[in-house]
Amino acid sequence: MVELKAQSPAAGLLPLEIGGVKVDEIDLGVLTSIASFDEKSTSEALKKAHGMALPGPLKATGKEGARCIWLGHREVLLVGPAPDKALAKSAAVVDQSDGWACVTVSGEKAVDVLARLVPVDLRESAFKRGQTMRTQVLHMTASITRLSSDRILILVFRSMAGTFVHDLKQAMEAVDARG
């Protein structure tokens, strides 16, 4: 009988560092999609159980280890803790832990690398800490959140992890070649 072994989405592909830009796969803990039926009740339950409000559009709330990331109209991703059962009273709550590849891109030229892949302005002047967006990384749907001045969290669907790392590596090499 075949022995199956659990692996992370980018197993063997990361970490990667080129030209001062570093890409790390990170384990964010439990990832839970929360689609709210009643935003006020969902926000109150989230505050009571997890200490953070429901984020508004293009925002993330919470901090390292317990964060809530906006994904779209009435939909957020709870990152870190297992969801409190009270959330199910006002929202559809679905575990998505195995569905995402989660990486951070960091370094002085991280935004230069991402500018080759992402059709939005990720410079800190336009995309501040705590802001998030759904966009494309080339042809892949992604969630991008600024964690600090030189660290950006990117989530892509698990099935695209290999392609995502390949595209990041090419962009890192191109930026590094420019000097």
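**Close-up 1. Strand E8 and its partner E11 in this predicted model.** E8 and E11 run antiparallel and are joined by seven bridges. Along this pairing, Ser106 sits opposite Arg151 of E11. On E8 there is also strand E2 (residues 21-25), an antiparallel neighbour held by four bridges. Here Val23 finds its bridge partner in Val105 of E8.

**Close-up 2. The covered faces of E8.** Take a look at residues 100-106: seven of the seven residues in this strand are buried. One side carries Trp100, Cys102, Thr104 and Ser106, while the other carries Ala101, Val103 and Val105, and both sides are covered.

**Close-up 3. Glu39 and Arg74, another salt bridge.** The closest N and O atoms of this pair are 3.3 Å apart. Glu39 lies in helix H1 (residues 39-50), and Arg74 lies 35 residues away in the loop between strand E5 (66-72) and strand E6 (75-80). The whole structure holds four salt bridges.

**Close-up 4. A negative surface patch.** Glu108, Asp112, Glu124 and Asp150 form this patch. Asp150 is found in the loop between strand E10 (140-148) and strand E11 (151-157), and Asp150 is partly exposed, at 38% relative accessibility.

Key. Residues numbered from 1 in each chain as written. Predicted model: local features only at pLDDT ≥ 70, side-chain atom pairs only at ≥ 80, totals over all residues. Heavy atoms only, no water. Patch = residues over 30% accessible without salt bridge, like charges linked within 9 Å, V, L, I, M, F, W, Y side chains within 5 Å. Areas by Shrake-Rupley, 256 points an atom, 1.4 Å probe, with all protein chains shown as cover. Salt bridge = Lys/Arg side-chain N within 4 Å of Asp/Glu carboxyl O. Lys, Arg positive; Asp, Glu negative; His and termini not counted. Charge placed at Lys NZ, Arg CZ, Asp CG, Glu CD. Helix = DSSP H or I, 4+ residues; strand = E, 2+ residues; numbered from the N terminus. Buried < 20%, exposed > 50% of the residue type's maximum accessible area, 1.4 Å probe, protein only. Pairing = 2+ DSSP bridges.
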